[in-house]
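Take a moment to look over the sequence and the fold before reading on. The paragraphs below go from one chain to the other by way of the contact between them.

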Amino acid sequence: MGNQIIMFISQIFNGLKIGSVYSLVALGYTMVYGIIRLINFAHGDFIMVGSYVLMLTIPAIVAFGLPAWVAVIPAILMCVAVGVIVERAAYKPVREKGNSMTALITAIAMSLLLENGSQAIFGADYQTVPTIIQIPTLSIGKLKIDGATIITIVLGVIIMVALQLFVTYTKQGKAMRAVSEDKEASILMGINVNSTITLTFAIGSGLAAVASLMYCVSYPQVSPMMGAMLGLKAFVAAVLGGIGSIPGAMVGGLVIGVVESLTKAYIGTITGGIITSAFSDAIVFGILIIVLLVKPSGLMGEPETEKV
Amino acid sequence: MKKSMLSTKQSYLVCAIGVVALFGILMGVCESGLVNAYIKGIMMTCCIAIIMTTSLNLTIGVLGQLTLGCCGFEAIGAYSAALMSKLLVANGVAMDPTLRFLLTTLVGGVVACVFGVLVGIPALRLHGDYLAIITLGFGEIIRVIIQNLKVAGGMGLDKGAAGQALIGIDRLANLYVVFWITVVTVVLLFMFARSRYGRAVKAIRDDEIAANASGINITYMKVLVFAISAFFAGIAGGIFAQYIGSLNPAMAGWLQSINYVIMVVFGGMGSLTGSIVSAIGLTILPELLRAFSSYRMLVYSVALVLIMIFRPQGIFGNWEFSLTKVINKIFYPVKVREHGKPKQDGADGKSEKAVKSGKSAKEADKTAGKATKTKEAQA
């Protein structure tokens with residue numbers, strides 16, 4: 001019995017680990033969606049970009065005698081650059097001319113571009129990322145918790161709190177909220193809408209780079225397609241938490257991570273083998289569908305009314 | 001003036017002759033041995049792509065809702081048709097192969113249509129980005145379920161291993177039959193898009209709230225369009241299953257769906273002829289450029305972004321190719337140009353059409369580009 005409880009708790013920690021990666025990615029989604037009402041399909045692929053940068057820069061950084069996690073700095077710079085370029089080159093012109101559907105198609109196209117571009121450069125196969133940090137495993141009695149899990153969760157919470165403070169108290173943060181509330185009115189208030197949107201993209205992409213570091217600590221391999229499913233699940237997390245809400249994205253990510261981990265571990269036994277762990281992706285999408293139908297504003301979002 | 005143009009009946013005739021001529025060319029080329037099995041296979045794939053793209057265009061272009069789950073319905077149709085075909089054989093039902101092909105394909109379409117309604121009723125309460133994501137989610141769920149389905153009765157799926165292919169489907173698809181299925185599909189979709197229903201659907205696309213205020217039952221219309229799209233996707237799946245002979249759950253994946261979305265967008269959102277051209281073009285082009293196949297999606301994605309920036313409505317926009325229009329232009333060039341004037345007065349047959357279609361003459365002018373091959377001839 002005791003073993004089963006320990007097993008259960010370690011499954012929850014597993015879920016929290018991947019969940020905090022989802023949270024960081026979901027923060028990017030939620031900020032971008034909040035401000036321009038666009039699902040940035042390419043956001044998951046920013047993680048892929050960040051992971052490739054990590055893979056390429058870690059050997060050089062270790063050779064300099066610095067700790068390997070410093071590689072997150074070039075990863076952040078690269079992701080911010082990619083994010084801002086994507087926004088300025090593709091989303092902005094489309095946003096000015098087209099409707100929401102053309103914007104969404106552009107986002108899908110940018111995602112395909114990043115995936116296939118890196119496939120052309122690096123090949124389609126999985127490649128290994130060098131070890132980033134060695135953290136001793138924490139033992140509480142029989143329960144063993146991976147050190148990386150704790151670091152990931154703590155880092156996720158710190159970033160979320162910092163982001164929340166930024167959005168609430170700084171001038172740029174207030175500008176972001178104003179633009180997401182009413183674009184035209186914020187132009188009249190003297191807010192530079194375009195640079196605010198670009199800043200949002202930059203922050204979101206930077207968070208994706210941090211998420212790629214956390215992902216690579218736990219799962220040290222990269223492939224061009226790694227971002228697609230990760231991004232979709234993070235989006236589900238953002239919707240679950242309530243799109244536009246920063247704490248919501250955090251909670252949503254953790255919930256999705258835990259649910260995924262628990263379904264993988266237990267669904268087979270609970271349903272007597274009818275639904276197996278192979279269904280875990282379907283279950284995540286099932287959550288999305290239920291949330292959208294029952295409470296589209298999510299756990300912490302504000303309900304949206306349709307305007308004429 | 002009106003007499004010198006083609007009448008409605010004449011333009012129907014012109015279209016019919018055009019289609020039969022196309023079939024004649026197809027038959028001539030195939031029977032004379034000019035083309036090998038490889039080319040015939042490409043033609044078959046073109047037909048499947050045309051059915052998929054035109055039916056998807058009904059949702060994306062005419063209804064204006066982006067869905068990313070069309071391949072889920074294609075897969076449902078394909079698996080239903082394949083299992084039905086196997087069931088018929090297993091029960092020893094003696095049947096003409098063509099009849100069996102048509103029957104099983106129809107079953108595929110109907111099953112996909114049922115699922116389309118089931119998915120559509122909850123999904124279509126949402127719109128925009130959420131609808132895209134939720135249809136993507138449904139597509140992925142369909143893929144995962146097919147991948148893990150054990151009920152297919154010892155026909156390759158029962159192994160339980162993920163990604164097991166369903167094999168040994170009778171390859172009954174015949175290019176001529178498939179050609180006519182494609183023709184019927186396109187004709188039906190054209191008729192739907194120009195009908196009273198089609199105009200209501202376009203009204204929803206242009207302004208949902210105004211359409212609702214005008215008494216259009218939005219949910220009903222959306223689910224109807226969604227179900228029609230799913231039905232034809234199922235038909236395409238049924239053909240695909242009985243052409244390839246084996247099925248893999250990966251066909252339901254959302255990247256496959258995006259392939260068809262790309263075809264719709266390239267051709268033009270709302271232009272069925274544009275969809276046909278782009279479906280054929282984007283099926284043949286990769287075959288010609290085999291050497292560059294690893295860069296195919298890279299080129300597509302760049303082209304997609306450029307199209308979205310410079311021509312958001314797609315290459316053809318909502319312009320339709322029309323044989324009647326071409327003939328009118330060639331044989332009655334002056335008359336066509338003069339025709340613009342009396343149209344304004346509403347003094348000739350045009351007003352009749354405008355009244356019939358329940359639109360003001362001005363609106364009729366605006367949508368003239370969208371008018372059918374046949375209806376244009378009335379003008």
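Start with how chain A is held together: among its contacts between residues at least 6 apart in sequence, 77% join residues at least 24 apart. This is a predicted model. Chain A has 11 helices and 4 strands. Buried residues make up 50% of its 308 residues.

Next comes overall size. The C-alpha atoms of chain A fill a box of roughly 65 × 50 × 40 Å along the principal axes.

An unreviewed UniProt entry lists "transmembrane region" for residues 20-39, 46-66, 103-122, 148-170, 191-215, 235-259 and 266-294 of chain A. Two of these stretches can be set against the model. Residues 46-66 of chain A are 86% helix and 0% strand. The end C-alpha atoms of that stretch are 25 Å apart. Residues 191-215 of chain A are 92% helix and 0% strand. Here the end C-alpha atoms are 36 Å apart.

Now pick out one helix. Helix 5 of chain A covers residues 147-169, 23 residues in total. From its first C-alpha to its last it reaches 33 Å, close to the 33 Å expected at 1.5 Å a residue. Which residues of helix 5 of chain A are buried? They are Thr149(A), Thr152(A), Gly156(A), Ile159(A), Met160(A), Leu163(A) and Val167(A). An α-helix has 3.6 residues a turn, so residues three or four places apart point the same way. The buried residues of helix 5 of chain A pack against several elements of chain A. These are helix 1 (2-36), strand 3 (143-145), helix 6 (171-181), helix 8 (193-218) and helix 10 (246-270).

The nonpolar core is another place to look. The largest one has 199 residues, and Val25(A) and Val236(A) touch the most other members. Leaving out residues up to four places away in sequence, Val236(A) touches Ile256(A), Val284(A), Phe285(A), Ile287(A) and Leu288(A).

Turn to the contact between the chains. It takes 34 residues from chain A and 34 residues from chain B. On the side of chain A that touches chain B, helix 3 (72-97), helix 4 (100-122) and helix 11 (280-294) of chain A each supply at least two residues. Helix 4 of chain A gives the largest share of that side, 14 residues. By class, the side of chain A that touches chain B has 24 nonpolar, 8 polar and 2 charged residues.

Cross over to chain B. Its secondary structure comes to 18 helices and 0 strands. Of the 379 residues in chain B, buried residues make up 45%. Among contacts in chain B between residues at least 6 apart in sequence, 82% join residues at least 24 apart.

Leu126(B) is found in the loop between helix 4 (97-123) and helix 5 (129-148) of chain B. Is Leu126(B) buried or partly exposed? Leu126(B) has 18 other C-beta atoms within 10 Å, so it is partly exposed. Apart from residues up to four places away in sequence, Leu126(B) touches Leu292(A), Leu131(B) and Ile134(B). Leu126(B) and Leu63(B) are 63 residues apart in sequence, and their C-alpha atoms are 13 Å apart in space.

Helix 10 of chain B, residues 254-267, has 14 residues and reaches 20 Å, close to the 20 Å expected. Of those 14 residues, 11 are buried, so helix 10 of chain B is largely enclosed by the rest of the structure. Among the buried ones are Trp254(B), Tyr260(B) and Phe266(B). What covers them includes helix 4 of chain A together with helix 2 (37-62), helix 3 (70-90), helix 5, helix 11 (272-288) and helix 12 (296-310) of chain B. Just after helix 10 of chain B, Gly268(B) takes a positive phi of about 125°.

Helix 3 of chain B is also mostly covered, with 16 of its 21 residues buried. At 1.5 Å a residue it should span 30 Å, and its end C-alpha atoms are 30 Å apart, which agrees. Just after helix 3 of chain B, Gly92(B) takes a positive phi of about 70°.

Methods: Residues are numbered from 1 along each chain as its sequence is written. Chains are lettered from A and ligands numbered from 1 in the order in which they are written. This is a predicted model: local features need pLDDT of at least 70, side-chain atom pairs count only at pLDDT 80 or more; totals for chains, interfaces and linings use all residues. A nonpolar core is a set of buried Ala, Val, Leu, Ile, Met, Phe, Trp, Tyr and Cys residues joined through C-beta atoms within 7 Å. A residue is buried if 20 or more other C-beta atoms lie within 10 Å of its own, exposed if 12 or fewer, and partly exposed in between; C-beta atoms are placed from the backbone. Two residues are in contact if their C-beta atoms, placed from the backbone, lie within 7 Å. Ala, Val, Leu, Ile, Met, Phe, Trp, Tyr, Cys and Pro count as nonpolar, Asp, Glu, Lys and Arg as charged, and the others, Gly among them, as polar. The expected span of a helix is 1.5 Å times one less than its number of residues. UniProt positions are given in the numbering used here, feature names are shortened, and annotations may be inferred rather than shown by experiment.
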